[in-house]
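Here is a report on one protein chain. Look over the sequence and the fold before reading on.

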Amino acid sequence: MGNKPSIPLAEEEIVELQNETGFSRSQLKSMYSRFLHLCGDGKDEVIRRSDLLRLSDLKSNPLGSRVVDAFFKDACSDDETMDFIQFVKAAAIFRPQSKHTTESALNSTENKLKFVFEIYDLDGNAAISHEEMLSLLKMMVGPEVNDETLSQIAERAVREGDLDEDGYISFSDFKKALMRTEAENKVSIRFLD
Ligand SMILES: [Ca+2]
Ligand SMILES: [Ca+2]
């Protein structure tokens with residue numbers, strides 16, 4: 001059991017973090033314990049890519065390393081380490097939304113979609129190409145399905161998502177395509193009722 005370690009931040013910083021992320025104080029405390037656990041034995045309290053890649057959930061996920069890349073990309077602009085504040089802000093993207101969620105909130109639909117887009121955009125040039133879609137499919141299905149079939153699936157996926165028909169899925173294409181899907185799902189549910 002034992003007491004949870006207290007967060008090594010000034011009171012104002014904690015309040016600011018609560019306001020910015022929407023996490024409660026007790027959630028932040030739990031996250032700090034989790035953070036320390038992830039930090040491993042390093043003397044400095046930071047998480048590295050390799051610390052997250054060791055997590056079993058991510059290890060068994062074929063896109064695990066892409067998820068970690070996107071998580072780091074959102075949290076830190078240049079370096080390879082994440083401190084507690086950056087960790088909490090990155091985690092805030094995954095908070096469920098409520099009807100009070102604003103467009104500027106960290107867990108806005110825009111930020112959630114951006115996170116998924118970054119997983120797909122392997123070279124980070126803000127566009128998903130046919131080659132990237134193919135590499136992703138290969139990561140997901142493994143070698144059982146032949147390349148030609150995968151290439152056709154990739155081509156169709158890019159064509160369907162590429163709303164402005166320039167050959168790539170930009171973030172704006174991606175957003176519109178996913179929102180359209182979501183709207184379709186809502187209509188289908190209503191229809192089933
Ligand atoms: Ca790209
Ligand atoms: Ca496009």
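Two residues are in contact if their C-beta atoms, placed from the backbone, lie within 7 Å. The model is predicted.

## Where α2 meets α6

With that cut-off, take helices α2 and α6. On the α2 side, L28, M31, Y32 and F35 make the contact. On the α6 side, F84, F87, V88 and A91 meet them. By class, this contact has eight nonpolar residues, and no polar or charged ones.

Two packed helices are described by the angle between their axes and the distance between the axes. Helix α2 covers residues 25–39 and packs on α6 at an angle of about 115°. The two axes are 11 Å apart. The crossing of α2 with α6 is right-handed.

## Overall layout

The protein chain has 193 residues, of which 17% count as buried. It holds 10 helices and four strands. Read from the N terminus, the elements run α-α-β-α-α-α-β-α-α-β-α-α-β-α.

How much of the contact set links residues 24 or more positions apart? Of the contacts with a separation of 6 or more, such pairs account for 45%.

## The nonpolar cores

In soluble globular proteins, nonpolar side chains tend to be buried together. Here the largest nonpolar core has 18 residues. Which of them touch the most other members? They are F35, I47, F71, M82, F84, F87 and V88. Helices α2, α5 (64–75) and α6 each supply at least two residues of this core.

A second core is separate and has nine residues. Among them are I128, M133, A154 and V158.

F35 of α2 and F84, F87 and V88 of α6 also take part in the contact between those two helices.

## The end of α6

A92 belongs to helix α6, which spans residues 84–92. Is A92 buried, partly exposed or exposed? A92 has 19 other C-beta atoms within 10 Å, so this residue is partly exposed. The cut-off for buried is 20 or more.

Leave aside the neighbours within four places in sequence. A92 is then in contact with T21, G22, F23, L106 and N107. E20 is 72 residues from A92 along the chain, yet their C-alpha atoms are separated by 8.9 Å.

Most residues other than glycine have a negative phi, and most peptide bonds are trans. Two residues here have a positive phi although neither is a glycine.

A126 has a phi of about 65°. Its place is the loop between α7 (109–120) and β3 (127–128). A126 has 12 C-beta neighbours inside 10 Å and therefore counts as exposed.

E165 has a phi of about 55°. This residue lies in the loop between α9 (147–161) and β4 (169–170). E165 is exposed because 8 other C-beta atoms lie within 10 Å.

D44 sits in the loop between α2 and β1 (47–48). Why does D44 count as exposed? D44 counts as exposed because it has 7 C-beta neighbours inside 10 Å. D83 is 39 residues from D44 along the chain, and their C-alpha atoms are separated by 9.1 Å.

G142 is in the loop between α8 (130–141) and α9. With 9 C-beta neighbours inside 10 Å, G142 counts as exposed. G142 and P62 are 80 residues apart in sequence. In space they are 8.9 Å apart, C-alpha to C-alpha.

## The annotated EF-hand spans

What does the UniProt record list for this chain? The entry, which is unreviewed, gives "domain: EF-hand" for residues 108–143 and 149–184.

In the model, the span 108–143 is 67% helix and 6% strand. The C-alpha atoms at the ends of this span lie 36 Å apart.

Notes:
Residues are numbered from 1 along each chain as its sequence is written. Chains are lettered from A and ligands numbered from 1 in the order in which they are written. This is a predicted model: local features need pLDDT of at least 70, side-chain atom pairs count only at pLDDT 80 or more; totals for chains, interfaces and linings use all residues. UniProt positions are given in the numbering used here, feature names are shortened, and annotations may be inferred rather than shown by experiment. Axes are lines fitted to C-alpha atoms, for helices over the stretch in contact, and angles run from 0 to 180 degrees between N-to-C directions. A crossing is left-handed if the near helix is turned anticlockwise from the far one by less than a right angle, and right-handed if clockwise. Ala, Val, Leu, Ile, Met, Phe, Trp, Tyr, Cys and Pro count as nonpolar, Asp, Glu, Lys and Arg as charged, and the others, Gly among them, as polar. A nonpolar core is a set of buried Ala, Val, Leu, Ile, Met, Phe, Trp, Tyr and Cys residues joined through C-beta atoms within 7 Å.
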